[in-house]
Amino acid sequence: MDAADRERYSRQILFAGIGEQGQEALLRSRVAIVGCGALGSFQAAALARAGAGRIAIIDRDYVEPSNLQRQWLFEESDASQALPKAAAAERRIAAINSSISVRGVVADLTASNAAELLGDVDLILDGTDNFDTRYLINDFAVSRGIPWIYGAAVGSYGLAMPVLPGRTACLRCIYPDPPEGVQPTCETAGVLNVIASLVASYQVADALKILCGHAERVEARITRVDLWQGGTRQIDAPPRDPECPACGRREFPYLDESRRVPVSLCGRNAVQINERERPLDLQALKGRLEPLGEVRANEFALRFLVAPYEMTVFPDGRAIIKGTSDPGLARSLYARYIGQ
């Protein structure tokens, strides 16, 4: 650290749990945040202010007005321009702390790109909204021995749980399969912005322990909080399951690249399509679609409205189709307007 670092992080260095040695470790750390919504945006801001040396923010989505109530890095201008969350977050984090490295990755985390995006990090933070991606993170983290921290929030309720491969139970020890039936989402049950920031704070607190060299202080526990009904409950996580498909039997099906299928997005009445293997020329696509409906495009994405559907198409060929939760219909619309 130089004199400027010592001044900037002085109050953190004074904290006995971190100290100068811990701050130096933090400045050397590499973190990936998967999902930059209510949880991920808070995680990114907190870690950037704390001095995490290199932060990668991975998100497939774009900023909408309804995000502004709880997603801490974004402004009205980001929503009006429909900027990708990862790109908007990169700009804001660079303004918060120009001395660290931040990279916004506008992409869906998949088995195909997990090694590239997560392979060289010290820690993964979960800011996602679906179990498929969490199971992918879990499979990758367990297979590589990388700690990660699970979190979720909806309504006034949230929970957080650290996963330290080889020491604690992993996600599939606790949830061998995704929850069945209709689950509440922010779009169906709403969400308090403070429950998101609280869950993200629990996640970042454990992240700081790990990144500052005190992973032994991370307790194998599940934290459950309800800020409206009241009450915080922390229970010991169960021990590792020797028959767990991931950390027990070392089976990692979520790393199978053939799993790239259309995904219904959590509570959004929308489907994500991952059909193409080659880049798209968005300007050429804009010219082709303008006679058919309203089109807006920037360097990050193209938005096409053809009632009652809205399609947001990204340069890598990925698309989010709003107005349906049927993957078959979404794939048909993609083929009709974007091509095979």
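**View 1. Surroundings of Pro 147 in the predicted model.** Pro 147 touches Asp 122, Leu 123, Ile 124, Val 163, Leu 164, Pro 165 and Ile 210, leaving out residues up to four places away in sequence. Contact here means heavy atoms within 4.5 Å. The model is predicted, so local features need pLDDT of at least 70 and side-chain atom pairs count only at pLDDT 80 or more, while totals for chains, interfaces and linings use all residues. Residues are numbered from 1 along each chain as its sequence is written, and side-chain values use heavy atoms, with hydrogens and water left out. Pro 147 sits in the loop between helix H8 (131-144) and strand S5 (148-154). Helices (H or I, at least four residues) and strands (E, at least two) are DSSP runs, numbered from the N terminus. Pro 147 is buried, with a relative accessible area of 14%. The cut-offs are under 20% relative accessible area for buried, over 50% for exposed, and partly exposed in between (1.4 Å probe, protein chains only). From Pro 147 to Ala 270 the C-alpha distance is 31 Å, across 123 residues of sequence.

**View 2. Met 161 in strand S6.** Strand S6 (residues 157-163) holds Met 161. Met 161 has 2% relative accessibility and therefore counts as buried. Its contacts, apart from neighbours within four places in sequence, are Trp 148, Ile 149, Tyr 150, Cys 170, Leu 171, Ile 174, Arg 221 and Ile 222. Met 161 and Ile 222 are 61 residues apart along the chain, yet their C-alpha atoms are separated by 4.9 Å.

**View 3. The cysteines Cys 173 and Cys 247.** A disulfide is a pair of cysteine sulfur atoms within 2.5 Å. By that rule the count is 0 disulfides. Cys 247 is likewise in no disulfide, with the sulfur of Cys 173 as its nearest cysteine sulfur. Are these residues buried or exposed? Cys 173 is buried at 13% relative accessibility. Cys 247 is buried too, with a relative accessible area of 10%.

**View 4. Packing of helix H4 on helix H11.** H4 (residues 38-50) and H11 (residues 193-211) pack with their axes 9 Å apart, at an angle of about 40 degrees. H4 is therefore oblique to H11. Axes are lines fitted to C-alpha atoms, for helices over the stretch in contact, and angles run from 0 to 180 degrees between N-to-C directions. Angles under 35 degrees count as roughly parallel, over 145 as roughly antiparallel, 65 to 115 as roughly perpendicular, and the rest as oblique. The crossing of H4 past H11 is right-handed. A crossing is right-handed if the near helix is turned clockwise from the far one by less than a right angle, and left-handed if anticlockwise. On the H4 side, the contact is made by Ala 38, Leu 39, Phe 42, Gln 43, Ala 46, Leu 47 and Ala 50. H11 contributes residues including Ala 196, Val 199, Ala 200, Gln 203, Val 204, Leu 208 and Leu 211. The contact residues divide into 12 nonpolar, 4 polar and no charged. Ala, Val, Leu, Ile, Met, Phe, Trp, Tyr, Cys and Pro count as nonpolar, Asp, Glu, Lys and Arg as charged, and the others, Gly among them, as polar.

**View 5. Leu 26 in helix H3.** Leu 26 belongs to helix H3 (residues 19-27). Leu 26 is buried, with a relative accessible area of 0%. Beyond neighbours within four places in sequence, Leu 26 is in contact with Gln 12, Ala 50, Gly 51, Ala 52, Gly 53, Leu 208, Leu 211 and Cys 212. Glu 116 is 90 residues away along the chain, and its C-alpha is 22 Å from that of Leu 26.

View 6. Most residues other than glycine have a negative phi, and most peptide bonds are trans. Ala 82 has a positive phi, near 50 degrees. Ala 82 lies in the loop between helix H5 (76-80) and helix H6 (85-96), and is buried at 12% relative accessible area. Arg 250 also has a positive phi, about 60 degrees. Arg 250 is in the loop between strand S8 (232-236) and strand S9 (263-264), and is partly exposed at 45%. Ala 307 and Pro 308 are joined by a cis peptide bond, with omega about 5 degrees. Pro 308 lies between strand S12 (302-306) and strand S13 (309-313), in the loop. Pro 308 is exposed, with a relative accessible area of 63%. Neighbours within four places aside, Pro 308 contacts Lys 322 and Gly 323.
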